[in-house]
Amino acid sequence: MKVIAAYLLAVLGGNASPSAKDLKSILGCVGAEADDDRIELLLSQVEGKDITELIAAGREKLASVPAGGGAVAVAAPTGGAAAAAPAEEKKEEKKEEKEESDDDMGFSLFD
């Protein structure tokens, strides 16, 4: 990711075709290690391509990726509020059990 960020910074800075040396210089300025293999891989994949077209293609690919947060099916209560109360108690008990299991992490924020 940092190699891609360095490449984008170089392009935004006016260098339409950054070299490996340019990317290493940018990464070195922020104290990040430059992995030669990743730099060469990136440069070989973007060689001769327009960065705006690459970003547009990436956006199209990301648009088709599900982002979670799917719809939640909610059933209408048929037995009134009294029938829904036991179900809520069970959910609260499960939630409390889950919270208790998280306490065994070996430290506490409030000790």
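At 37% relative accessibility, K24 counts as partly exposed, a class that lies between buried (under 20% relative accessible area) and exposed (over 50%), as computed with a 1.4 Å probe on protein chains only. The model is a predicted one, in which local features need pLDDT of at least 70 and side-chain atom pairs count only at pLDDT 80 or more, while totals for chains, interfaces and linings use all residues. Residues are numbered from 1 along each chain as its sequence is written, and side-chain values use heavy atoms, with hydrogens and water left out.

The side chain of K24 meets that of D36 in a salt bridge, with an N to O distance of 2.8 Å; the term denotes a side-chain nitrogen of Lys or Arg within 4 Å of a carboxyl oxygen of Asp or Glu. This pair links distant parts of the chain, since K24 belongs to helix α2 and D36 to helix α3, 12 residues apart. D36, with a relative accessibility of 41%, is likewise classed as partly exposed. A search of the whole structure finds two salt bridges, and D35 and R38 also form one through their side chains, at 3.4 Å from N to O. Of these residues, D35 counts as partly exposed at 35% relative accessibility, whereas R38 is exposed, with a relative accessible area of 54%.

The chain has five helices and zero strands, where helices (H or I, at least four residues) and strands (E, at least two) are DSSP runs numbered from the N terminus. Of its 111 residues, 12% count as buried. Among contacts between residues at least 6 apart in sequence, 40% join residues at least 24 apart, contact being defined as heavy atoms within 4.5 Å.

Helix α2 (residues 20-29) packs with helix α3 (residues 36-46) at an angle of about 130 degrees, and their axes lie 10 Å apart. Axes here are lines fitted to C-alpha atoms, for helices over the stretch in contact, and angles run from 0 to 180 degrees between N-to-C directions. The two helices are therefore oblique to each other, given that angles under 35 degrees count as roughly parallel, over 145 as roughly antiparallel, 65 to 115 as roughly perpendicular and the rest as oblique. On the side of α2 the contact is made by A20, L23, K24 and L27, and on the side of α3 by D36, I39, E40, L42 and L43. By class, this contact has six nonpolar, no polar and three charged residues; Ala, Val, Leu, Ile, Met, Phe, Trp, Tyr, Cys and Pro count as nonpolar, Asp, Glu, Lys and Arg as charged, and the others, Gly among them, as polar.

The axes of helix α1 (residues 2-12) and α2 come within 9 Å and cross at roughly 110 degrees, which makes α1 roughly perpendicular to α2. K2, V3, A6, Y7, L9 and A10 of α1 meet L23, I26 and L27 of α2 in this contact, which has eight nonpolar, no polar and one charged residues.

V3, found in helix α1, is buried, with a relative accessible area of 8%. When residues up to four places away in sequence are not counted, V3 touches L23, L27, R38, I39 and L42. The C-alpha atoms of V3 and L43 are separated by 9.8 Å, although these residues stand 40 residues apart along the chain.
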